[in-house]
Amino acid sequence: MSAMVHAGLGTGESSPGRIAAGGLDLTHGTVLYLDDISVSFDGFKALDKLSLTIDAGELRCVIGPNGAGKTTMMDVITGKTRPDAGTVFFGQTIDLTHLTEAEIAQAGVGRKFQKPTIFEHHTVFENLELSMKADKRVRKTLFAKLSSEERDRIAAMLARIGLAGDAGRIAGLLSHGQKQWLEIGMLLMQEPQLLLLDEPVAGMSDEETEKTAELFLSLAGRHSLVVVEHDMAFIEKIARKVTVLHEGSVIAEGPMEQVQNDPRVIEVYLGR
Ligand SMILES: Nc1ncnc2c1ncn2[C@@H]1O[C@H](COP(=O)(O)OP(=O)(O)O)[C@@H](O)[C@H]1O
Ligand SMILES: [Mg+2]
């Protein structure tokens, strides 16, 4: 194997230089490719030869019963859990299973956890400012004055996440839904290629859920999104392609109507 091919496969030691050097290789239109991923906890298979492909710019919904392995899948993609077997390609050349959590985040994978991790004592504006400056690629000190371009970026993000009128509010005083949007905005300030969202509308009011659906639809195309959620009304609103996990593998995949009418899916999940 030539050195070039070897580097291209990303099978070697983690190499931050290769990641930072340039954009993600999306030549085949695939942003994420999980191949034959298995994860065991004390002999219990949380993921069982899971394979999954996400296209660049796609908005993919992942559903399935509790314990199906949805969160474990996100843990594997983000480097929190090492799989026993399998590969996770981010673009054509980066195998995420060889990178640390920090390297994966820096490579362009953002993850929203169920509990928002915002700075409660700072204003909404400052939260976005801090997340922008935490971006290692930008290399700014936290005390550097914002350029007008940076101010414009923050203003645009405030509008996008529906918090333009709340820029000066202390983040801790926001509603539950607004906090979730702020955290999504903070992730977006780092311009991730791929955004993973685990149960993003849990605990939201109907109106907040509705707004979140609109936000996600507006993000598809410029980002690739993988959304895990139990709220089927929400899934129906945003769904293009839906993947159903059960016992660590994909049991159905396709448009919402197709998946909803799949006898196996009805049996293990929807028909309860
Ligand atoms: N760190 C862990 N240690 C042991 N078992 C775990 C761990 N994480 C997840 N599991 C188990 O793996 C299975 C899949 O869990 P999870 O990925 O959280 O499912 P989901 O998010 O689809 O509800 C569950 O049976 C869960 O108990
Ligand atoms: Mg979960």
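Helix H7, residues 176-188, runs for 13 residues and spans 19 Å from its first C-alpha to its last, close to the 18 Å expected at 1.5 Å a residue. Bear in mind that this is a predicted model.

**Helix H7**
- H7 is largely enclosed by the rest of the structure, because 10 of its 13 residues are buried.
- The buried set is Gln178, Lys179, Gln180, Trp181, Leu182, Glu183, Ile184, Gly185, Met186 and Leu188.

**Cores and contacts**
- The largest nonpolar core holds 50 residues, and Phe90 and Val227 have the most contacts inside it.
- A second, separate core has 18 residues, including Val124, Trp181, Ile184 and Leu188.
- Back to Phe90: leaving aside neighbours within four places in sequence, this phenylalanine touches Leu24, Leu32, Leu96, Ala107, Val109 and Leu194.
- Across the protein, take the contacts with a separation of 6 or more: 66% of them join residues 24 or more positions apart.

**Around ligand 1**
- The shell is made up of Phe41, Ala46, Gly64, Asn66, Gly67, Ala68, Gly69, Lys70, Thr71 and Thr72.
- Helix H3 (residues 70-77) supplies the largest share of that shell, with 3 residues.
- By type, the shell splits into 6 polar, 3 nonpolar and 1 charged.

How values were computed
Residues are numbered from 1 along each chain as its sequence is written. Chains are lettered from A and ligands numbered from 1 in the order in which they are written. This is a predicted model: local features need pLDDT of at least 70, side-chain atom pairs count only at pLDDT 80 or more; totals for chains, interfaces and linings use all residues. Two residues are in contact if their C-beta atoms, placed from the backbone, lie within 7 Å. A nonpolar core is a set of buried Ala, Val, Leu, Ile, Met, Phe, Trp, Tyr and Cys residues joined through C-beta atoms within 7 Å. A residue is buried if 20 or more other C-beta atoms lie within 10 Å of its own, exposed if 12 or fewer, and partly exposed in between; C-beta atoms are placed from the backbone. A residue is near a molecule or strand if its C-beta atom, placed from the backbone, lies within 6 Å of it. Helices (H or I, at least four residues) and strands (E, at least two) are DSSP runs, numbered from the N terminus. Ala, Val, Leu, Ile, Met, Phe, Trp, Tyr, Cys and Pro count as nonpolar, Asp, Glu, Lys and Arg as charged, and the others, Gly among them, as polar. The expected span of a helix is 1.5 Å times one less than its number of residues.
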